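Subject: Structure handover

Hi,

Here is the structure I promised to pass on. Please open it alongside this message.

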Amino acid sequence: MDLDALAAARSPEWERLDALSRARRLDGAEVDELVTRYRSASADLADIKTSSGRTALGDHVSTILARARLRLTGSGTDARSALPRFFGSHLPAALYRLRWTTLAVAGAFFVIGSLVALWLIGDPQALAALGSKADLDYYAEHSFVDYYRENPAAVFAGTVWTNNAWIALQCVMFGITGIWPLYAIMQNAIGVGSSGAVMIATGHGDILWQFIVPHGMLELTSVFVAAAAGLQVFWAWVAPGRRSRGESLAAAGRSLVTVAVGLVFSLALSGAVEGFVTPQHWHWSIKIAIGALALAVFLFYMLVIGRRAARAGETGDLAESEAGTPRLVAG
């Protein structure tokens, strides 16, 4: 191929493409012309590379095409400008979509925990299987409270945050099995029910509520959301609808990552309450009020702001420009 001849013949078209790419505003006809000239220049570049490899002329055309492509597709979103959208609509919408599943998980947790507690309280032999009377009394009078007070507040808050994040992460990572989130919820319900039974049976039920409720309201809600998110991935695999299983799983997985990021913050808040509020020698009403306020903030964000974002069309999934164009289906 004679590159000089090609440059002489095509230069006016390439210059016109470059001019359109640099224009501040384009009308409909100019946008159509930009697309047409972009395709033509792409074909020219392919011919140049096929016949002559890398050349100065090819680099020149490639630069023009890069500028035109940027004009057609737009620039990438700056991370700083994406943060308000993520926390203002993306995350709350993803949480809002889980509201009913979260409620179902919470109901199952409290039913299981209550049944375990009632069974142990009503069956002295079953309660005795947990330990001798002296051991249970020591747990209720010392170990239960010491757990919250034996370490510095900051260290304890970080420890419980890590532990709760690990439980939530398991629900997220293994949610596709459909079994692990249920197992995690059942295991925690049995643990809480057993501890509650010991405290109530030994006459320390008031201490139980003072040291569980303040941080437990937000902490357990966050775990319920994590389990609900994991179950949503499982359901996307079982019942993908009109989409393929791969597409359904991909959409659910992207929303799941969004929820996981949100849980980092909610669990950090619950960890702060557990580390800095629960161990304090304050009146029980003050501690529970602070815990209730933390839960109220989360629920307002999830249900009120999330509902508003969902009504605006937000789903919690990535935008099409970020996730790729979806396959269209009828209906």
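Below is what I found, from the whole chain down to single residues.

First, the ground rules. This is a predicted model, where local features need pLDDT of at least 70, side-chain atom pairs count only at pLDDT 80 or more, and totals for chains, interfaces and linings use all residues. Residues are numbered from 1 along each chain as its sequence is written, and side-chain values use heavy atoms, with hydrogens and water left out.

Overall fold

The protein chain has 13 helices and 0 strands. Helices (H or I, at least four residues) and strands (E, at least two) are DSSP runs, numbered from the N terminus. Along the sequence the pattern reads α-α-α-α-α-α-α-α-α-α-α-α-α. The radius of gyration is 30 Å, well over the 20 Å that the globule rule gives for 331 residues, so the chain is more spread out than a compact globule. That radius is taken over C-alpha atoms, and the rule is 2.2 Å times the number of residues to the power 0.38. Along the principal axes, the C-alpha atoms fill a box of roughly 100 × 40 × 40 Å.

Buried residues account for 37% of the 331. Buried means under 20% relative accessible area, exposed over 50%, and partly exposed in between (1.4 Å probe, protein chains only). Take the contacts (heavy atoms within 4.5 Å) between residues at least 6 apart in sequence: 80% of them join residues at least 24 apart.

The accessible surface is about 18300 Å², with 63% of it belonging to carbon and sulfur atoms. Areas come from the Shrake-Rupley method with a 1.4 Å probe; for residues, only the protein chains shown count as cover. On charge, there are 27 positive and 27 negative side chains, and the centres of the two sets lie 7 Å apart. Lys and Arg count as positive, Asp and Glu as negative; His and the chain ends are not counted. Each charge is placed at NZ of Lys, CZ of Arg, CG of Asp or CD of Glu.

H5 covers residues 99-122. Its 24 residues should span 34 Å at 1.5 Å a residue, and its end C-alpha atoms are 34 Å apart, which agrees. The expected span is 1.5 Å times one less than the number of residues. The buried residues of H5 include Val 105, Phe 109, Gly 113 and Leu 120. Their cover includes H6 (124-128), H9, H10 and H12 (284-311).

H8 (residues 153-173) has 21 residues. From first C-alpha to last, H8 reaches 30 Å, close to the 30 Å expected. Among its buried residues are Phe 156, Asn 164, Gln 170 and Cys 171. The buried residues of H8 pack against H7 (133-149), H9 (180-201), H10 (205-238) and H11 (245-276).

Met 199 lies in H9. It counts as buried, at 0% relative accessibility. Leaving aside neighbours within four places in sequence, Met 199 is in contact with Tyr 139, Ala 140, Phe 144, His 204, Gly 205, Ile 207 and Leu 208. The C-alpha atoms of Met 199 and Ala 140 are separated by 5.5 Å, with the two residues 59 apart along the chain.

Gly 306 lies in H12. Its relative accessibility is 0%, which counts as buried. With neighbours within four places set aside, Gly 306 is in contact with Pro 92, Ala 93, Tyr 96 and Tyr 301. Gly 306 and Ala 93 are 213 residues apart along the chain, yet their C-alpha atoms are separated by 4.4 Å.

Residues with more surface

Arg 25 sits in the loop between H1 (3-22) and H2. Arg 25 is exposed, with a relative accessible area of 76%. Beyond neighbours within four places in sequence, Arg 25 is in contact with Glu 30 and Arg 71. Its C-alpha is 24 Å from that of His 60, 35 residues away along the chain.

Asp 47 is in H2 (residues 28-52). Asp 47 is partly exposed, at 39% relative accessible area. The C-alpha atoms of Asp 47 and Ala 294 are separated by 64 Å, and the residues are 247 apart along the chain.

Best wishes
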